[in-house]
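Keep the viewer open while you read, and look up each residue as it comes along.

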Amino acid sequence: MVNKHRVSIWVLGDQLLNKHPAIEAAETTHGRGSVRIVMVESLRRVRRLAYHRKKLVLIFSAMRHYARRLQTEGYVVDYQQTETFLEGLKAHIFAHGSAHLYTMAASTYGGRRFQEARLADALDLPVTVLPNTQFLSEHYNPYPDPTPGKRYVMEHFYRAMRRHFRLLIDEAGDPVGGQWNYDKLNRKRLPKGLTLPEIPRFPPDEITLKVMKEIEDSGEGFGKLAGFDLAVTREQAQAAFDDFLTRRLADFGPYEDAMSRDHTTLFHSVLSPYLNLGLLEPLNLARAAEDRYRAKTSPINSVEGFIRQIIGWREFIYWQYWRTMPDILMANFWGGNRPIPDWFWHGKTEMNCLQHVLSRVLEQGYAHHIERLMVLSNFCLLAGLDPIAVKDWFTLGFIDAYEWVMVPNVLGMGLNADGGIIATKPYIASANYINKMSDYCQSCGYNQKKRTGPQACPFNTLYWNFLIKKEELLRANPRLGRNVLGLRYLDDAERQAVIEQGEQFLENL
Ligand SMILES: Cc1cc2nc3c(=O)[nH]c(=O)nc-3n(C[C@H](O)[C@H](O)[C@H](O)COP(=O)(O)OP(=O)(O)OC[C@H]3O[C@@H](n4cnc5c(N)ncnc54)[C@H](O)[C@@H]3O)c2cc1C
Ligand code: SF4
């Protein structure tokens, strides 16, 4: 029976916001007594891809904690576990007789289309979809009408965001410290003997332990479940951020691109899992980091570097996602067509860098940015892997993966499958870069200086093979001139040797 005074709010699992706009809107109009909140765990969604087990625990535990918090605040929460979202919503409307559904726009293309185009008909009631408040670029969009096919540069987008939100901007409207960008100070290798702070850990409580048991019993998922210690509440996520501000922000900048055999994170924040779930808000993080600069406890290059990640890269990626979907899913500029190698699933390879990074993905569902870009996706691009297979692998491998962030980062930044719409050049590199920024090569069976022969590092063979095979396309890109110039030093015999060794390696991938 429909109760014309009752309204429901559907809170999606990655919208665990402190101030949820749909809850606020419904409550203001109808009063708390008339409001019902519905949250749905979709079992089909879980089975669609073998997601990382730690990610499944993170999402379901955070959702259940959020539901409990709302209950303690006096809301009636209906927590559904059904095959699909629609089944859960239908069961809820049938049980509670609500006359209206409120929700906040999903961060993903398919989810938003479902809310806007199908939900009202499917539930046979009016649906109000409120604007998404998780991203700053939903509120202020520097380029509301982008020209199709035009290349937009992150740096310009970022400066517009900084100006608008007045972050690290002085009274005259200029960047504090006189520069917009301190990247040149932020490319250091990790020195030997530097002590790295531990990342805070949050032992599982009874809710998390129950989710862990359910995931274990279901047999679903990829990667290691044991040792789950991520934050699952707003308070814990805030504690993780406070710890970063106090113990890591000051050194974040210099070592953000460095990689280490012994450490998964250096001074990285490891906040993406919480930001992407709505447990932390980007503007709060950026302002708190700026406060540390103003209080002179963290230097400008680290603070600017962190703010650049949060309101520059993260927002730019989200903006690019909406700009390029759904066409980007068909993009394959470099023609990659190979499947993911088997060893990507278990991490057993002689390549020391990949072996370390893959084992981190299996264990923790995390690797830091440069490992994702310059080790994993660099390899996938050089080896000609199929872009959609790579995107799917990343999606299930990482605890912070959602479509809005995965599609532009993997297809655009990592694989340049869009031909340079999102990133102006393909991020390809030989072992030289990996050796410069890490200690992986020191204990690798391959020789980082060789490109052919039994000991040659596969990154080198594949890099030169890629340059030879794609020379014409690469030459057309002005930002890659220097890379292609290196081909001058290869005579015909060397080119042939690279091609043969590259092909042999790829055949046995
Ligand atoms: C191939 C590839 C795949 C990626 N997949 C994901 C993903 O699934 N989920 C995800 O959140 N990020 C992804 N990223 C971006 C970035 O690598 C991670 O956000 C970052 O490594 C998370 O670790 P952190 O919190 O310690 O980041 P930090 O280095 O401490 O940076 C701070 C924050 O900046 C934001 N950020 C920085 N760069 C980006 C970016 N390119 N895109 C979005 N946010 C960014 C993140 O929220 C991050 O938490 C990917 C990058 C690449 C190249
Ligand atoms: S030598 Fe090559 S494979 Fe080995 S760690 Fe260095 S880059 Fe990786």
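1. One term before we start: two residues are in contact when they have heavy atoms within 4.5 Å of each other. You'll want that for helix 18, whose buried residues pack against helix 11, helix 13, helix 16 and helix 17 (387–397). Bear in mind too that this is a predicted model.

2. Stay with helix 18 for a moment. It covers residues 403–414, and ten of its twelve residues are buried, so the rest of the structure largely encloses it. Among the buried ones are Trp 404, Met 406, Pro 408, Leu 411 and Met 413. Just past the end of helix 18, Asn 416 has a positive phi of about 55°.

3. Now for helix 16 (residues 369–382), one of the partners of helix 18. How far does helix 16 reach from its first C-alpha to its last? The answer is 18 Å for 14 residues, close to the 20 Å expected at 1.5 Å a residue. Helix 16 also has a kink of about 25°, centred on Leu 376. As for burial, 13 of the 14 residues are buried, so helix 16 is largely enclosed by the rest of the structure. Just after this helix comes Gly 384, with a positive phi of about 70°.

4. Leu 376 turns up again in the largest nonpolar core, which has 146 residues. Leu 376 is one of the five that touch the most other members, along with Ile 37, Tyr 274, Phe 306 and Phe 459. Which helix gives the most to this core? That's helix 13 (residues 300–324), with eleven residues. There is also a second, separate core of 13 residues, and Trp 10, Leu 12, Val 40 and Leu 101 are among its members.

5. Have a look around Phe 306. Leaving out residues up to four places away in sequence, Phe 306 touches Phe 241, Phe 244, Leu 249, Phe 252, Ser 269, Leu 271, Leu 285 and Ala 289. Both Phe 241 and Phe 244 are buried residues of helix 9.

6. The buried residues of helix 9 pack against helix 3 (53–72), helix 10 (249–252), helix 11 (272–277), helix 12 (282–294) and helix 13.

7. On to the strands. Six of the seven residues of strand 4 (residues 98–104) are buried, so this strand is largely enclosed by the rest of the structure. Strand 4 pairs with strand 1 (residues 3–10) in the parallel sense over five bridges, and Val 7 stands opposite His 100. Strand 4 also pairs in the parallel sense with strand 5 (residues 127–130), over four bridges, with Leu 101 opposite Val 127. To get from strand 4 to strand 5, the chain goes through helix 5 (residues 109–123), in a right-handed β-α-β crossover.

8. Beyond its neighbours within four places in sequence, Thr 461 is in contact with Arg 451, Ala 456, Val 498, Gln 501 and Gly 502. Asn 477 sits in the loop between helix 21 (471–475) and helix 22 (481–485). Its relative accessible area is 13%, under the 20% cut-off, so Asn 477 counts as buried.

How values were computed: Residues are numbered from 1 along each chain as its sequence is written. Chains are lettered from A and ligands numbered from 1 in the order in which they are written. This is a predicted model: local features need pLDDT of at least 70, side-chain atom pairs count only at pLDDT 80 or more; totals for chains, interfaces and linings use all residues. Side-chain values use heavy atoms; hydrogens and water are left out. A nonpolar core is a set of buried Ala, Val, Leu, Ile, Met, Phe, Trp, Tyr and Cys residues joined through side-chain atoms within 4.5 Å. Buried means under 20% relative accessible area, exposed over 50%, partly exposed in between (1.4 Å probe, protein chains only). Helices (H or I, at least four residues) and strands (E, at least two) are DSSP runs, numbered from the N terminus. Two strands pair if DSSP finds at least two bridges between them. A crossover is right-handed if, with the strands pointing away from the viewer, the path from the first strand over the helix to the second runs clockwise. The expected span of a helix is 1.5 Å times one less than its number of residues. The bend at a residue is the angle between axes fitted to the seven residues ending there and the seven starting there.
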